[in-house]
Amino acid sequence: MNVSGHAAIVTGGASGMGAETARALTAAGASVTVMDVQQEKLLQIAGQIGCLAVTCDVTSSASAETAVAQAKDAHGAARVLVNCAGVAPAKRIVGRNGPMPLEDFKRVIDINLVGTFNLMRLVAADLYAEPALDETGERGVIVNTASVAAYEGQIGQAAYSASKGGIVALTIQAARDLSAKGIRVVTIAPGFIATPMLLGMPEEVQQSLAQQAPFPQRFGRPDEYSKLVLHIIDNQMINGEVIRLDGAARMQAR
Ligand SMILES: NC(=O)c1ccc[n+]([C@@H]2O[C@H](COP(=O)([O-])OP(=O)(O)OC[C@H]3O[C@@H](n4cnc5c(N)ncnc54)[C@H](O)[C@@H]3O)[C@@H](O)[C@H]2O)c1
């Protein structure tokens, strides 16, 4: 689909890949709503881009319902959803202080996996009530963000890997579920992308991670992610697939 003139929602839009994707979608002519829990940063980014900011905690059904309704009031039903909200805390299954607190595991699953599903279900439901965009029957596109940790989780990534593996598994299933109404579901599994999530790690960890990509031997850039999002939206044959964006990197255990 051509995104120009259509509404789009980007979660995790206050930072990193979400903010960059909101910028790219706006430049492509979409009416974008960015959603995030970081209210101040969200307003700042939205002001820079010239898009709508709506505070939203993706783990809450009430918060997401209100936020999606606000976005719809402003721009109409979103034809594009990009799920970028996520967290990546590191903790071993059994650490110095004993087993990982169950709440820590649940929190990551809740934000990364449940949050992705939460927005997906609401945006898809709105699209069911919208007319098709053209004679192919296409109504919209949902892009989720997994991680290469879904396949090769490093030490300390139990919760993160499990949450991203859930997003990978959901991709073909959701594409099948929503195919009746012409809604595509595609997931990007990034490797190491230079965003606040990654740049917050110690320098030596960053060095070691960057060297794990055979070529190019550097971190990816947020705009390399947003370019792929725009291509997925444009290319109707991409559906039910998980695309790695990683410079051929395969993560080591640590
Ligand atoms: N940076 C990388 O190397 C990398 C690699 C693989 C996957 N990813 C994934 O890409 C996505 C974007 O990450 P990023 O690197 O841009 O990170 P980031 O930390 O820059 O952005 C993530 C955003 O999600 C928001 N967020 C967290 N919890 C939320 C909640 N409950 N409700 C709404 N928003 C919430 C944060 O406030 C933040 O603005 C994440 O899902 C991340 O797991 C990142």
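Residues are numbered from 1 along each chain as its sequence is written. Because the model is predicted, local features are reported only at pLDDT of at least 70 and side-chain atom pairs count only at pLDDT 80 or more, whereas totals for chains, interfaces and linings use all residues.

The secondary structure of the protein comprises eight helices and nine strands, where helices (H or I, at least four residues) and strands (E, at least two) are DSSP runs numbered from the N terminus. The radius of gyration of the protein is 18 Å, which agrees with the value near 18 Å that a compact globule of 254 residues would have; this radius is taken over C-alpha atoms, and the globule rule is 2.2 Å times the number of residues to the power 0.38. Along the principal axes, the C-alpha atoms fill a box of roughly 55 × 40 × 35 Å. Of the 254 residues, 44% count as buried, a residue being buried if 20 or more other C-beta atoms lie within 10 Å of its own, exposed if 12 or fewer, and partly exposed in between, with C-beta atoms placed from the backbone. Among contacts (C-beta atoms, placed from the backbone, within 7 Å) with a separation of 6 or more, 70% are accounted for by residues 24 or more positions apart.

Seven strands form an open, parallel sheet in the order 3-2-1-4-7-8-9, two strands being paired if DSSP finds at least two bridges between them. Strand 3 (52–55) and strand 9 (242–245) are the edge strands, each pairing on one side only, and the twist averages 20° from one strand to the next. Helix 5 (residues 158–178) packs on this sheet, touching strand 7, strand 8 and strand 9, and its direction makes about 165° with that of strand 8; axes are lines fitted to C-alpha atoms, for helices over the stretch in contact, and angles run from 0 to 180 degrees between N-to-C directions.

Strand 7 (residues 140–145) is joined to the parallel strand 8 (residues 183–190) by six bridges, and strand 7 also pairs in the parallel sense with strand 4 (residues 78–83) over four bridges. I142 has V185 of strand 8 as its bridge partner and stands opposite L81, while V143 is partnered by V186 in strand 8. Six of the six residues of strand 7 are buried, so this strand is largely enclosed by the rest of the structure. G140, I142 and N144 point one way from strand 7, and V141, V143 and T145 point the other way.

The shell around the ligand holds 31 residues, of which G12, S15, G16, G86 and T195 come nearest; a residue belongs to it if its C-beta atom, placed from the backbone, lies within 6 Å of the molecule. Helix 1 (16–27), helix 4 (102–128) and helix 6 (196–199) each supply at least two residues of this shell. By residue class, the shell divides into 16 nonpolar, 13 polar and two charged residues, with Ala, Val, Leu, Ile, Met, Phe, Trp, Tyr, Cys and Pro counted as nonpolar, Asp, Glu, Lys and Arg as charged, and the others, Gly among them, as polar.

Most residues other than glycine have a negative phi, and most peptide bonds are trans. A cis peptide bond joins F215 and P216, with omega about -10°, and P216 is found in the loop between helix 7 (203–210) and helix 8 (222–234). In the segment after strand 9, A248 has a positive phi near 65° and counts as exposed, with 11 C-beta neighbours inside 10 Å.

How values were computed: Two residues are in contact if their C-beta atoms, placed from the backbone, lie within 7 Å.
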